[in-house]
Amino acid sequence: MKERRASLYAAAYHLTGDRHEAEDLLQSALLSTYRAWDRISDKGAVGGYLRRTMTNLHISAWRRRKLNEYPTEELPEEPGEQDTMRGTELRTVLWQALARLPEQQRTMLVLRYYEGRTDPEIADTLNISVGTVKSSIWRTLRRLREDRTLGPGRDRDLCFGELVA
């Protein structure tokens, strides 16, 4: 594997165009390959498998960025003086609500919304089906929306609708 490192790194660099992103991409591909090692039938073709994995991971990351970033004519509003603590308060309230959830539900939400993982990635990580991930996340979000500590009754400005769409 050491002899392949330079060529794998070069492939990752060509995909990303950045040294640090290339290292991260290669690391993610190696981790993914390690997880799938038992399913790889031709161990001699692991270099091709790693290149394909890097390509797929890079495309997935690019698509996520593409959905989150788009050009606009107007700059976003900057928070005013009255908004200096609001973000901190919202994060605190959300983390408190997440702490009350069962571990698997909390893990799914963190993987989805904080790490940007897809349903199949979450399912693979937790060794459950994609359908279970989808239904569990839906039920968990519904549960959080109905949580009185996050709802409009608590504080009109601190409602869960702003935290999770």
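Q: What makes the largest pocket lie between domain 1 (1-75) and domain 2 (86-164)?
A: Both domains give residues to its lining, so the pocket lies between them; the domain bounds come from an automatic or database assignment. The model is predicted: local features need pLDDT of at least 70 and side-chain atom pairs pLDDT 80 or more, while totals for chains, interfaces and linings use all residues. Residues are numbered from 1 along each chain as its sequence is written, and side-chain values use heavy atoms, without hydrogens and water.

Q: What makes a residue part of the lining of the largest pocket, and which lie nearest its centre?
A: A lining residue has an atom within 4 Å of a pocket point; on a 1 Å grid over the protein atoms alone, a pocket is an open set of points where a 1.4 Å probe fits, with protein on both sides within 12 Å along at least five of seven lines. Here 27 residues line the largest pocket, and S28, S32, L57, R64 and E121 lie nearest its centre. About 840 Å³ of space lies in this pocket, counted as the space filled by probe spheres set on the points.

Q: Which helices supply at least two residues each of this lining?
A: They are α2 (19-35), α3 (46-68) and α6 (119-126), helices being DSSP runs (H or I) of at least four residues. α3 gives the largest share, 10 residues. By class, the lining has seven nonpolar, nine polar and 11 charged residues.

Q: Why are α5 and α7 called roughly perpendicular?
A: Helix α5 (residues 103-114) and helix α7 (residues 130-146) pack at about 100°, with axes 10 Å apart. Angles of 65 to 115 degrees count as roughly perpendicular, and therefore this pair does. In their contact (heavy atoms within 4.5 Å), Q105, M108, L109, R112 and Y113 of α5 meet residues of α7 including V133, I137 and L144. The residues of this contact are seven nonpolar, three polar and two charged.

Q: What makes α6 and α7 roughly perpendicular to each other?
A: Their packing angle is about 105°, with axes 8 Å apart, and they are therefore roughly perpendicular. D119, P120, I122 and A123 of α6 meet V130, V133, K134 and I137 of α7. Six of the residues in this contact are nonpolar, none polar and two charged.

How values were computed:
Axes fitted to C-alpha atoms, helices over the stretch in contact; angles between N-to-C directions. Parallel < 35°, antiparallel > 145°, perpendicular 65-115°, else oblique. Nonpolar A, V, L, I, M, F, W, Y, C, P; charged D, E, K, R; others polar.
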